Amino acid sequence: MKGKARTKRVRLILNGKVAGNDAVRAAVARQRAAGHRIEVRVTWEKGDARRFVSEADTADLLIAAGGDGTLNEVVHGLMDLSEPTRPILGIVPLGTANDFATGCGIPRDPAKALALCIRGEAVPIDIGKANDHWFINAASSGFGAEITATTSPELKRLLGPAAYTVMGAILAINLHHYQGRLILPNREITGSGLVAIVGNGRQTGGGIQVAPRACIDDGLLDVLVVYQISPTALLAAARELQQLPSDGQYISYWQTPWLEVHPEEAIPVNLDGEPLRFSAVRYEAVPKAIRVIVPTNCPLLSQRPKLKA
């Protein structure tokens, strides 16, 4: 077993919607009692988390405590800093979906998650870029983006992660078919109704596996494309979804350092749960951009960190 972790200077950025969480308060008190200097900053409105990152220049460890949206904003703050000055990132998942944290195997229990942040080992991971925006987990264009952008906060709160699936079923009935081009390093595709999901992590929408081969430290983005599917072709499409071919009739799956989407009209793009709209978007993987604390058995790592003797 490891010895006692050295005391750390920690800034914990807490989503204001869960500021009254008793389990979080108890977890912070326990780590403070162990000698760690934990400074808590509570967000009130959009932009607060990013600003709190810019003010954390003396912290050894920065913790995003909230959902995927809080994590995304903290990542934007980290990427605002020069690479040598970026503090290590820890995650305490407190949102509805927590897709990135869940995919990494980070505990949902605040005490266990915070203990991991304090005692765990940091590993360098990739960050995704979409034009001038960043994402740590996944981006979706077209259908996938419409699902999450249309899901109201009230519906999320009532149904939890299932809300994404419910809205997906509703939208699938009258899905807008986008025309456009998809460009990758060694191919270009033109089509109707194509949907691109770009994964740095593997899951989105509260646990839906959209990029099952993705790793967060391989320098690549995983791209799942779903072409227009007629009702009579659903079974064949489902089979392809299980196989993930590179050139399927309904489903294609690639791993690439970059790709571009050029639609004939502006499309909704969802980055880690944040809805945006682009007339065109270039995605890139930025290798080993930040250091994140994840469990040693994190399934999203292509190379497992070596345990200290």
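User: Why does Arg41 count as partly exposed?

Analyst: The relative accessibility of Arg41 is 29%. Buried means under 20% relative accessible area and exposed means over 50%, with partly exposed in between (1.4 Å probe, protein chains only). Arg41 therefore counts as partly exposed. This is a predicted model, in which local features need pLDDT of at least 70 and side-chain atom pairs count only at pLDDT 80 or more, while totals for chains, interfaces and linings use all residues. Residues are numbered from 1 along each chain as its sequence is written, and side-chain values use heavy atoms, with hydrogens and water left out.

User: What makes the meeting of Glu39 and Arg41 a salt bridge?

Analyst: The N to O distance between the side chains of Glu39 and Arg41 is 3.4 Å. A salt bridge needs a side-chain nitrogen of Lys or Arg within 4 Å of a carboxyl oxygen of Asp or Glu, so the pair qualifies. Glu39 is partly exposed, at a relative accessible area of 32%.

User: How many salt bridges does the structure hold?

Analyst: There are 12 salt bridges in the structure. One of them joins Arg9 to Asp60, with the closest N and O atoms 3.1 Å apart. Helices (H or I, at least four residues) and strands (E, at least two) are DSSP runs, numbered from the N terminus.

User: Why do Arg9 and Asp60 count as partly exposed?

Analyst: Arg9 has 35% relative accessibility, so it counts as partly exposed. Asp60 has 22%, and therefore counts as partly exposed too.

User: What do the side chains of Glu284 and Arg282 form where they meet?

Analyst: They form a salt bridge, at 3.0 Å from N to O. Elsewhere, salt bridges that share partners join Arg11, Glu39, Arg41, Asp48, Arg51 and Glu55 into one network.

User: Why is Lys8 said to have no salt bridge?

Analyst: Lys and Arg count as positive, and Asp and Glu as negative; His and the chain ends are not counted. The nearest side chain of opposite charge to Lys8 is that of Glu121, 7.3 Å away, and Lys8 is buried. Lys8 is in the segment before β1 (9-14).

User: What does the side chain of Lys8 reach?

Analyst: The side chain of Lys8 reaches the backbone oxygen of Ile118 at 2.7 Å. A polar contact is a pair of N or O atoms within 3.5 Å; within protein, one must be able to donate a hydrogen and the other to accept it, and residues adjacent in sequence count only if both atoms are side-chain atoms. Contact in general means heavy atoms within 4.5 Å. Among the residues that Lys8 touches are His36, Arg37, Asp60 and Cys117, not counting residues up to four places away in sequence.

User: What caps the N-terminal end of α5?

Analyst: Asp109 caps that end, with a side-chain oxygen 3.2 Å from the backbone nitrogen of Ala111. In helix α5 (residues 110-119), the buried residues include Pro110, Leu114 and Cys117. The buried residues of α5 pack against β1, α1, β3, β4 (88-93) and β18.

User: Why is Leu62 called buried?

Analyst: The relative accessible area of Leu62 is 0%, so Leu62 is buried. Leu62 is found in strand β3 (residues 61-66). Leu62 touches residues including Arg11, Ile13, Val74 and Leu89, not counting residues up to four places away in sequence.

User: What makes β8 and β15 a pair of strands?

Analyst: Two strands pair if DSSP finds at least two bridges between them. Strand β8 (residues 179-184) and strand β15 (residues 258-263) run antiparallel and are joined by four bridges. Arg181 has His262 in β15 as its bridge partner. β15 also pairs with strand β18 (residues 281-293), in the antiparallel sense and over four bridges. Val261 stands opposite Val281 in β18.
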